[in-house]
Amino acid sequence: MRAPSGYLLAARYRLLEPVGRGGMGTVWRAHDELLDRHVAVKEVRLPAVLDEELRAELCARTEREGRATAMVTHPSVITVFDVVTEDDRPWIVMELLQAKSLEQLILEGGPLHPRKAAEIGRQILGALRAVHAKGILHRDVKPSNVLVTEDRAVLTDFGLAALEGDVSITQAGIVLGSAGYIAPERVLGSKASPAGDLWSLGATLYTAVEGRGLHGRRTAAAALAALTSGEPIPMTKAGPLAPVLDALLRIDPQTRLDSVRASLMLARVAAGGSAEEPLAARRTTVRPVPEVAQPSFARRPTHRGLHRAEAATAAIEVPSPRQERRPGEGVHRKRGESRPSPSAYARFKATVIKLCLPRRFWPRELRKRG
Ligand SMILES: Nc1ncnc2c1ncn2[C@@H]1O[C@H](COP(=O)(O)OP(=O)(O)O)[C@@H](O)[C@H]1O
Ligand SMILES: [Mg+2]
């Protein structure tokens, strides 16, 4: 059951021609006659023999897709304009992209250059981070759900999306992702999580650079066995992207690359650098720190003019130097870490005393601090 081309949906959207097909149905290029602009319309295909339960599930799924997508505004998340129920089935109206899916790109042009794949990954990861920040899990990240235009990569098809902690969709027993792109822990029965979406992104980028799926032609069980065997993931074309893929495709979600570091690494590869180099450099390079940044209670401030009060205040605020402090470590403190800070009044009093009284009249504690 598919609408004929020329069909006028909701007395407003004229279906022109199909631009894509997926597991759920057909995506049309259509004309919004009210606003006079082109849009994409996703028509949900219903099986010939349809029971009421399935129809209800498909409708619920499409509404969920519309709602989940509409919750996020991001250049790499498809924009949904409308959800319509007509002809007893749901339709999604969304922005029309002059795009090919990543799946099409690989089929037509072969594996992508690692830099190009990294840039697509960087943008899709941005979309995932925006989606996760709203508590939504995509759960179906794969090449056919990534659309690539001249200058954008866009995540689409939120048909399996769910709010974190939502179990109703699992109970309904519908397909929960695509073989080859579902995170191993989900295959083993764990709940979906943001880390699961990151694994799927890793598998998607793997296919993009290697030109073939991570699981090859293996059955799901064989693929899982291969994955969990601990063998290194075979990569021949990934180049600078290999460390990122390796870290995203970790079996254990706890040790999997997190989204912040993943974006950093993808950005570096996309810019023509190496994913790991600057991270390694941070561990080994010791930048010289200016004298003044090295706090010490033992050392008197070298400058002892009128500004002495300020120096004393600074000395009160920095922590005492630890034995294990590395040379590169200065006074930087992690946000949220408590610091010994005297009250504003105590500081004010110390300053007044120092400015007004000769040193021999200062309280002993203040004299010690200098
Ligand atoms: N907004 C869009 N603009 C242009 N093409 C699109 C759009 N949305 C989807 N497509 C095309 O349609 C295909 C199927 O879309 P998708 O939303 O993944 O449907 P399904 O839920 O059936 O998998 C995509 O792979 C892509 O080629
Ligand atoms: Mg799809």
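Colleague: Which strands each supply at least two residues of the shell around ligand 1?
Modeller: That would be β2 (13-21), β3, β4 and β6 (89-95); strands here are DSSP runs of E, at least two residues long, numbered from the N terminus. Bear in mind this is a predicted model, where local features need pLDDT of at least 70, side-chain atom pairs count only at pLDDT 80 or more, and totals for chains, interfaces and linings use all residues. Residues are numbered from 1 along each chain as written, while chains are lettered from A and ligands numbered from 1 in written order.
Colleague: Which one gives the largest share of that shell?
Modeller: β2, with three residues.
Colleague: And how many residues surround ligand 1?
Modeller: There are 23, and the closest are G20, G22, M24, A40 and D157. To count, a residue's C-beta atom, placed from the backbone, has to lie within 6 Å of the ligand.
Colleague: OK, the sheet. What's the strand order?
Modeller: It's an open sheet of six strands, β1-β2-β3-β4-β6-β5, paired antiparallel. Pairing takes at least two DSSP bridges between two strands.
Colleague: Why do β1 and β5 each have one side without a neighbour in the sheet?
Modeller: β1 (8-9) and β5 (80-86) are at the edges with a single partner strand each, so one side of each has no neighbour there.
Colleague: How many bridges join β3 to β4?
Modeller: Eight, between residues 25-32 of β3 and 37-44 of β4. One example is G25, whose bridge partner in β4 is V44.

Methods:
Helix = DSSP H or I, 4+ residues; strand = E, 2+ residues; numbered from the N terminus.
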